[in-house]
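Subject: Structure handover

Hello,

I am passing on the structure we spoke about. Please look through it before reading my notes.

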Amino acid sequence: MYAERVLSGMRPTGRLHLGHYHGVLKNWVKLQAEYPCLFFVADWHALTTNYDSPLVIEESVWDMVIDWLAAGVDPTQATIFIQSRVPEHAELHLLLSMMCPLGWLERVPTYKDQQEKLTDKDLSTYGFLGYPLLQSADILIYRADKVPVGEDQVPHVELTREVARRFNHLYGREVGFEEKAVDAVKKLGRKRAKLYEELRTRYQQNGEEAALEQGKALIDDSQSLSHGDRERLFGFLEGSGKVILAEPGALLTEASRMPGLDGQKMSKSYGNTIFLREDSESVAKKIRTMQTDPARVRLTDPGDPDKCPVWQFHAIYSTEETRQWADKGCRSAGIGCLECKQPVLDAIQKEQDRMRERAQPYLDDPSLVRSIVADGCERARKLAQETMRDVRDAMGLDYT
């Protein structure tokens, strides 16, 4: 079995805002302390919808990485890299496209959904149809078993699982698999080999899940095995072939509750954003001029927090005590709207002060960011090359 590993990426399509922070980056910061994580700039994915205006991608890449670092993503804990700097992504995507049925791509829910929403763009391209398969390649090439996604992205992870399963079925039965697996069993040593065979029989004949887990643990504990023998033993234990591409699981993340300044979802297309590292005066102006409950025409008019966008910000940024104060003051007209907004403004400013402080060294010396990404690309590419060696070998493309 492969080691636990988290993979996630973000497209560089412009400045990041608080919606990105609360929807993605805060979760990344949490995950990097729990698992080995790879976070990548999905610049090829940005081309699927911005192929006619790539300048925004070029302008956004480095600013976006600085935003990640400002948000608390730690390059000593996570690998940060750029997708296009690891060309093995493209190679695996190409090879997977040879065996992925067209219907699998056409049924991905976001395919028709985005075509209907992005009517100003010509999305009748293979790049757009095939982007879920490129996502699959992104995941499978690192053998990532955990992919943090929202509910709308779960079908993409399911597609990836189907692609891995089909690939392993087609190419996992290497020539002489059983003979090689039997030889690998002998390498466990007499006592361990006997236990392995007992566990394998109990699982395959009786379906004992406990025997399967014990067998996997036995293989994991056998440090002297080569990578190939280890995967053969896992496949032999389960009654399948050699596992080449690991099936990932969706790590379901809570949907972002971050509203925009008008109460809608925060989005650049709605013009209702607060950007990460935005100038403090600009943030203050945006908060102070936010619309509130339209029923509060005069200071003495009582309001309804449930009808006020500011209340949604209180739900994210304020303590329970502050929320009770705001709720009571709004409904009784005991406080004005500007007074109600101040705790929200203070909390956002405090959050962004920390971000600006983290970002400043990278703004002062951009070579630091380049160095972090270069190191990350090197680490990522080593992992990708390891997978591609197995893929080429399985597909009969290793002519050396």
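Below are notes on the cores, the cavity and the salt bridges.

This is a predicted model, in which local features need pLDDT of at least 70, side-chain atom pairs count only at pLDDT 80 or more, and totals for chains, interfaces and linings use all residues. Residues are numbered from 1 along each chain as its sequence is written, and side-chain values use heavy atoms, with hydrogens and water left out.

Cores

A nonpolar core here is a set of buried Ala, Val, Leu, Ile, Met, Phe, Trp, Tyr and Cys residues joined through side-chain atoms within 4.5 Å. Buried means under 20% relative accessible area, exposed over 50%, and partly exposed in between (1.4 Å probe, protein chains only). The largest such core has 93 residues, and Trp-68, Leu-96 and Phe-313 have the most contacts inside it. Helix H3 (residues 55-71) gives the most to this core, with ten residues; helices are DSSP runs of H or I with at least four residues, strands are runs of E with at least two, and both are numbered from the N terminus. A second, separate core of 18 residues includes Phe-177, Ala-184, Phe-234 and Leu-237.

Cavity

A cavity is a set of points, on a 1 Å grid over the protein atoms alone, where a 1.4 Å probe fits but cannot get out; its lining residues have an atom within 4 Å of a point. Grid points are joined across faces, edges and corners, and a volume is the space filled by probe spheres set on the points. There is one cavity of 30 Å³ or more, and the largest cavity holds about 100 Å³ of space. Its lining has 15 residues, with Pro-305, Cys-308, Val-310, Cys-330 and Cys-340 nearest the centre. Helix H15 (309-317), helix H16 (320-332) and helix H17 (337-364) each give two or more residues to that lining.

Salt bridges

The structure holds 23 salt bridges, each a side-chain nitrogen of Lys or Arg within 4 Å of a carboxyl oxygen of Asp or Glu. One of them joins Arg-143 and Asp-390 (2.7 Å, N to O). Arg-143 lies in the loop between helix H8 (131-140) and strand S4 (146-149) and Asp-390 in helix H18 (residues 367-394), so this pair ties together parts that are 247 residues apart in sequence. Both Arg-143 and Asp-390 are buried. Another salt bridge joins Arg-165 and Glu-247 (2.9 Å, N to O). Asp-304, Asp-306, Asp-327 and Arg-331 are linked in a network of salt bridges.

Regards

How values were computed:
On a 1 Å grid over the protein atoms alone, a cavity is a set of points where a 1.4 Å probe fits but cannot get out, and a pocket is an open set with protein on both sides within 12 Å along at least five of seven lines; lining residues have an atom within 4 Å of a point.
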